[in-house]
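Dear colleague,

I am handing over the structure below, and I would be grateful if you could look through it alongside the notes that follow. They begin with a term that the later paragraphs rely on.

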Amino acid sequence: MKKLLFAAAFVASPVFADCPAPEDHSMELEGLFDAARAATNDRAGREISGKMWQVWLRAPNEAAQEVLNNGLKRRDSYDFAGALKEFDRLASYCPTYAEGFNQRAYIHFLREDYAKALVDLDKALMLSPTHVPAQSGRALTLMNLGRIDEARAQLLEALKNNPWLSERFLLADGGPLALPGKDI
């Protein structure tokens, strides 16, 4: 009953009346993907990666941004239960905003609930197929589920748009996602 009342209050709140559709940032991201592919060193690649994150962390409106920011603060202070509540709110309020699902997936991942993480990552990628953090997060989740071939394929897909991901080292010889048949 308490949850029902909270949900009703949340929906009825004028601040959370309607979440607008997220802006189309595909052209901006494509330019950043091109820049990442052209970067000549790790420092430049990481700088471009940071710019990509700035795009993905732009919520559709102020109310959604506030919920996202609150969730990130809770996550960064290791309040995973509180962060999960915020990201649940964000995913409910803005069901077409991929980052809400990506952040909720990350909390599930940190809590080692890989099945729930995978559901949210799949939703994020359905909404934003080139969402590199969701792609790399999905690769890590699949790896933790023992689905190595799928994890490798997903990570390779993420690296097409951002070859500077730290997860790239998982593919190195001897790494958990290295191609089979090579001795270390």
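A residue is called buried when its relative accessible area is under 20%, exposed when that value is over 50%, and partly exposed in between, with a 1.4 Å probe and protein chains only. This is a predicted model, in which local features need pLDDT of at least 70 and side-chain atom pairs count only at pLDDT 80 or more, whereas totals for chains, interfaces and linings use all residues. Residues are numbered from 1 along each chain as its sequence is written, and side-chain values use heavy atoms, with hydrogens and water left out.

On the overall fold, the chain has nine helices and zero strands, where helices (H or I, at least four residues) and strands (E, at least two) are DSSP runs numbered from the N terminus. Of the 184 residues in the chain, 43% are buried. If a contact is taken as heavy atoms within 4.5 Å, then 55% of the contacts with a separation of 6 or more are between residues 24 or more positions apart.

Helix 7 (residues 114-127) has 14 residues, which at 1.5 Å a residue should span 20 Å, and its end C-alpha atoms are 20 Å apart, which agrees; the expected span is 1.5 Å times one less than the number of residues. Among the buried residues of helix 7 are Tyr114, Leu118, Leu121 and Leu125, and the cover over its buried residues includes helix 6 (98-110), helix 8 (132-144) and helix 9 (148-161).

Turning to charged side chains, a salt bridge here is a side-chain nitrogen of Lys or Arg within 4 Å of a carboxyl oxygen of Asp or Glu, and by this rule the count comes to 17. Glu86 and Arg89 form one of them, at 3.1 Å from N to O; both lie in helix 5 (residues 80-93), three residues apart, about one turn of the helix. An α-helix has 3.6 residues a turn, so residues three or four places apart point the same way. Glu86 counts as buried because its relative accessible area is 9%, and Glu86 and Arg89 are linked with Arg74 and Asp79 in a network of salt bridges.

Two further pairs may interest you. Arg75 and Asp76 form a salt bridge with their closest N and O atoms 2.9 Å apart; Arg75 is buried at 18% relative accessibility, while Asp76 is exposed at 52%. Arg37 and Glu30 are also joined by a salt bridge, at 3.0 Å between the closest N and O atoms, and Arg37 is partly exposed at 38%, as is Glu30 at 36%.
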